[in-house]
Amino acid sequence: MKFYISPAFLQTSEVVDIAKAADDLGYDGLGVPDHVVNLESLATPYPYTRDGQRRWEPFTDWPDPWVLIGALAQVTTRLRFVTTVYIPAMRDPYSAAKAIGTAAYLADGRVELGVGVGWCEEEFTLMGQRFDHRGRRTDEMLRLFAELWQPGWTEFDGEFYRTPRLEMEPTPPHIPIFVGGLSDIALRRAARHDGWIGDLISTEQAIEVARRLHQLRRENGLPVDDFTILTPLTDALVRADYERAAAAGITHILTQPWMFYTGPKATLAEKIDGMKRFRKDLALDG
């Protein structure tokens, strides 16, 4: 099982040190969340809390994921980077493909593209993108990205995007695609790609999702062994909990280790100490 650090809701000034520490300590990756803006008022309820309220306070940092990953790649050597999750349908596909591809090039193949279809209609509107058909547009954008990231000339004729003969450089290394979401259509989308990304979820729920994803992979004639399932687990505390999850096919854990020791108000030094203690307590280096 691999462990990725989540810098969600941290000050951007801390993230470089967190990434460097994660790289040095032997963590496998860093998960970078995505929002362009945080609107003061929303008619759209936040779908991942019971009361529909956002998990973060106003003026929480949301750095651009591709600028951040490009920078972090220069101060790390082995750490991988995944977006948790990026919303392609909220952008035009060419600017998105250029940003993602450039970051992957700078990271020398250490980038994994985690995507979702998005939930905030007001943010789509502000970005000049339609909220309807965003799932179909996401599917088409992922196909278009694959074409744009190939060397040489390319053309694309889709339902939403028609691309004249062009080329886009630099050509990035291979970029695995992971998909977030719990709906049946989201799980089917994930099963067609390289992996699935979960939100805060219990181990039992994650095991059931893993079972469904493996079933969908087999139905599509696709292998299970190389399929990534990356998620935080709300009730995993000791090594045996993670071993149980791994046995069920959960391959990657997204975590903020300092939350187990110091909590959300941890200083930067306490965060890094928590990362050290977590690896020691789980005997991840043993």
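How do the axes of helix H2 (residues 65-72) and helix H3 (residues 93-106) cross, and within what distance do they come?

## Helices H2 and H3

The two axes cross at roughly 10° and come within 8 Å (axes are lines fitted to C-alpha atoms, for helices over the stretch in contact, with angles from 0 to 180 degrees between N-to-C directions). H2 and H3 are therefore roughly parallel to each other, a label for angles under 35 degrees. On the H2 side, Trp66, Ile69 and Gly70 make the contact, and on the H3 side Ala99, Ile100, Ala103 and Leu106 do (contact means heavy atoms within 4.5 Å). Six of these residues are nonpolar, one is polar and none is charged; Gly counts as polar, while Ala, Leu, Ile and Trp count as nonpolar.

## Ground rules

This is a predicted model, where local features need pLDDT of at least 70 and side-chain atom pairs pLDDT 80 or more, while totals for chains, interfaces and linings use all residues. Numbering starts from 1 along each chain as its sequence is written, and side-chain values use heavy atoms, leaving out hydrogens and water.

## Overall build

The chain's secondary structure comes to nine helices and ten strands (DSSP runs, H or I of at least four residues for helices and E of at least two for strands, numbered from the N terminus). Its C-alpha trace spans about 55 × 45 × 40 Å along the principal axes. The radius of gyration is 19 Å, which agrees with the value near 19 Å for a compact globule of 286 residues (taken over C-alpha atoms; the rule is 2.2 Å times the number of residues to the power 0.38).

Definitions and conventions:
Parallel < 35°, antiparallel > 145°, perpendicular 65-115°, else oblique.
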